[in-house]
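Me: I have a model open and want to talk through its fold. Can we start with the sheet and what packs on it?

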Amino acid sequence: MAALTIYVAGSFKHKHGVRLLGRELRSMGCRLLDWTEKAVPPPGLTPAERRIWMDTDMDGGQVYSFCRDACIKADMVIYYGASGQDAGVEVGLAAGAGVPVLGIRGPLEGPGLMLHGAVSYWTDSIEEALEAMASLLRHKEEGWENLAAEPCEGLRRMGQALRNGRA
């Protein structure tokens, strides 16, 4: 059975955390569409110049194109909160394309109506998100037969979306 392809939508300020999450997901057998490898400003820029580079995608729009395509082609998107408007747009792209979204709520985050609604299943920590992923992957390996027994409705809906053509 093919591995799940995952995109992590998160702020550049969470780059290190996104990389660590990606490492854990890879160790679980997932394939990552990793923006952190693409969003690398040229060396020698000041923090303000790096922000301008990131905000304007000075690399000819390649970072934007990669992230946009990843959001609509992934089997699943994970929102790494609290992140800004770009991650919210990525979640919207994914939800609009029918890609299930697992949300990791930031420690002080209160998602607004649209972000809250676009996320299929919310967790309050990375550990809880990884447990949810492990459950989804177990169901995927079992051919989804035990999915109805999953006690969490949002997680069950995510699995059903994956079963119905996303993976």
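Predicted model: local features only at pLDDT ≥ 70, side-chain atom pairs only at ≥ 80, totals over all residues.

Me: Which strands does helix α3 lie across?
Reply: Helix α3 (residues 62-73) lies across β1, β2 and β3, at about 125° to β1. Angles run from 0 to 180 degrees between N-to-C directions, with axes fitted to C-alpha atoms, for helices over the stretch in contact. Helices (H or I, at least four residues) and strands (E, at least two) are DSSP runs numbered from the N terminus.

Me: And helix α4, what does that touch?
Reply: Helix α4 (residues 85-96) packs on the sheet and touches β1, β3 and β4 (101-104), its direction making about 145° with that of β1. Contact is heavy atoms within 4.5 Å.

Me: What's the strand order?
Reply: The open sheet runs β2-β1-β3-β4-β5, with parallel pairing; two strands pair if DSSP finds at least two bridges between them.

Me: Why do β2 and β5 have a side without a neighbour?
Reply: β2 (31-33) and β5 (121-123) are at the edges with a single partner strand each, so one side of each has no neighbour in the sheet.

Me: How many bridges join β1 to β3?
Reply: 5 bridges join them, and Tyr7 has Val77 as its bridge partner in β3.

Me: Switching topic, what does Met133 contact?
Reply: Beyond neighbours within four places in sequence, the contacts of Met133 include Leu4, Ile6, Leu25 and Met76.

Notes. Residues numbered from 1 in each chain as written. Heavy atoms only, no water.
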